[in-house]
Amino acid sequence: MAGRLSTLPAVLTIAGSDPSGGAGLQADLLTFASLGTHGCSAVTAVTIQDSVNVRGFTMMDPLDTMAQARVVLEDISVQAIKIGMLGSAQMVEAVVGVLLDYPEIPVVLDPVLAAGGGGALAVAGLREAMLDLLLPRVTVLTPNGPEALALAPGADNLPAAGHALTEAGAEYVLITGGHGQGAQVENLLFHDRQWVETYLQERLPHRYHGSGCTLAAAIAAGLAHGLPVLPAVAQALDYTHRSLVHAYALGRGQWFPDRFFWARSGEEG
């Protein structure tokens, strides 16, 4: 039977594996599929985690991780790259080596430093390597508030952190407001050292496993479909919020976003 050209754009996630299926590359692949893209993956780490917290992790050899990425990129026309847990400066260096060979592909970075339960997902030197090597290759950086302040230690508030991170090289910085207070979540978008947009959303009652992964993956999916950055960000925020509205409790800790809420609720994805 003759093959046919795929109508699905491909997205590559470079991230850690979560055995609970709530975060990491499992969350990315579910999000990619829900949003009409084909997901490929390169594994950076194998974690031991559940809905409560991370118990430990084992890093992959960076050469093996990048070999996974390269065979995908050499075979498939990847339209966007989403990066999650990197874990070490050595992994950052390896990823940057690949990105330099594919400068035309937009990159979304979720700068994972710790799990939602507080467990560390990084070793010493990661933050500095991200700032010095990786941020200049990033189209959209998606830190939460604590991550933004950790990456920009000279900043004493989120706008100052957003300005600093765009100055460090990220083209756009979306600081999410889930760790804030108040009835509304304020998500702040920065570009070219300017605060360009604020996206307000209702604050939901639970804590969620993999919400940051879902958002970054959704932005990457939008970029893969050819959307400009601002529409891709707005669409991804809306999709992620609706996946959290429909979240469900599986374990003893955080709730799991329903990335296919539209298939069960009648809503459009």
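Helices (H or I, at least four residues) and strands (E, at least two) are DSSP runs, numbered from the N terminus. Axes are lines fitted to C-alpha atoms, for helices over the stretch in contact (heavy atoms within 4.5 Å), and angles run from 0 to 180 degrees between N-to-C directions.

I noted the basis: residues are numbered from 1 along each chain as its sequence is written, and side-chain values use heavy atoms, without hydrogens and water. The model is predicted, with pLDDT of at least 70 needed for local features and 80 or more for side-chain atom pairs, while totals for chains, interfaces and linings use all residues.

I looked up E6 (residues 140-141) and E7 (residues 172-175): they run parallel and are joined by two bridges. Val140 has Tyr172 as its bridge partner in E7.

Last, I checked helix H1 (residues 24-34) against helix H7 (residues 211-224): they pack at about 45 degrees, axes 9 Å apart. I recorded the contact as Gly24, Ala27, Asp28, Thr31 and Phe32 of H1 with Cys213, Thr214, Ala217, Ala218 and Ala220 of H7.

Conventions. Pairing = 2+ DSSP bridges.
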